[in-house]
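My entries follow in the order I made them.

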Amino acid sequence: MKDLYSRTKEIAEYMITNNATIRKTAKVFGLAKSTVHYDLTKRLPKIDSVLYEEVRYILNINFQEKNIRGGISTKNKYKNNLH
């Protein structure tokens, strides 16, 4: 297993490069969502504050869009079940 420092930086760089959500990032790395969130919000600021600011920006956008994504997902779910 990679050390926490390397893993945290790799996760952050992936999220920035792919503009990914925590859920997608966790799936790619085979980690729990809570682990990815903890790495990005608790460990990363201590490791690399500049990288953390970039990740924080993406996390804020994802947080603002989550209700929209959920609504679209629910709409599609019921649309597909009715036909």
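**Entry 1: the loop residue**

I looked up Asn 19 and found it exposed, with a relative accessible area of 53%. My cut-offs: buried is under 20% relative accessible area, exposed is over 50%, and partly exposed is in between (1.4 Å probe, protein chains only). Asn 19 sits in the loop between H1 and H2. Its phi is near 50°, a positive value in a residue other than glycine.

**Entry 2: ground rules**

This is a predicted model, so I note that local features need pLDDT of at least 70 and side-chain atom pairs count only at pLDDT 80 or more, while totals for chains, interfaces and linings use all residues. Residues are numbered from 1 along each chain as its sequence is written, and side-chain values use heavy atoms, with hydrogens and water left out.

**Entry 3: the chain**

I listed the elements and got four helices and zero strands. From the N terminus on, they run α-α-α-α. Helices (H or I, at least four residues) and strands (E, at least two) are DSSP runs, numbered from the N terminus. Of the 83 residues, 25% are buried. I then looked up contacts, meaning heavy atoms within 4.5 Å. Among those between residues at least 6 apart in sequence, 53% join residues at least 24 apart.

**Entry 4: salt bridges**

How many salt bridges does the structure hold? I found three. The criterion is a side-chain nitrogen of Lys or Arg within 4 Å of a carboxyl oxygen of Asp or Glu.

Asp 39 pairs with Arg 7, the closest N and O atoms being 2.9 Å apart. This pair links distant parts of the chain: Asp 39 is in helix H3 (residues 33-47) and Arg 7 in helix H1 (residues 4-18), 32 residues apart. Both Asp 39 and Arg 7 are buried.

Asp 48 forms a salt bridge with Lys 9, with the closest N and O atoms 3.5 Å apart. Asp 48 lies in the loop between H3 and helix H4 (49-82) and Lys 9 in helix H1, so this pair ties together parts that are 39 residues apart in sequence.

Arg 43 bridges to Asp 39, the closest N and O atoms being 2.3 Å apart. Arg 43 and Asp 39 are four residues apart in helix H3, separated by about one helical turn. Arg 43 is partly exposed, with a relative accessible area of 25%, whereas Asp 39 is buried at 0%. Salt bridges that share partners join Arg 7, Asp 39 and Arg 43 into one network.

**Entry 5: Thr 8**

Thr 8 lies in helix H1. Is Thr 8 buried or exposed? I found Thr 8 buried, with a relative accessible area of 0%. Leaving aside neighbours within four places in sequence, Thr 8 is in contact with Asp 39, Leu 40, Arg 43, Leu 44 and Ile 47. I looked up one of these pairs: Thr 8 and Leu 44 are 36 residues apart in sequence and 6.4 Å apart in space, C-alpha to C-alpha.

**Entry 6: H1 against H2**

The axes of H1 and helix H2 (residues 22-29) come within 10 Å and cross at roughly 125°. Axes are lines fitted to C-alpha atoms, for helices over the stretch in contact, and angles run from 0 to 180 degrees between N-to-C directions. The contact is made by Glu 10, Ile 11, Tyr 14 and Met 15 of H1 and Ile 22, Lys 24, Thr 25, Val 28 and Phe 29 of H2.
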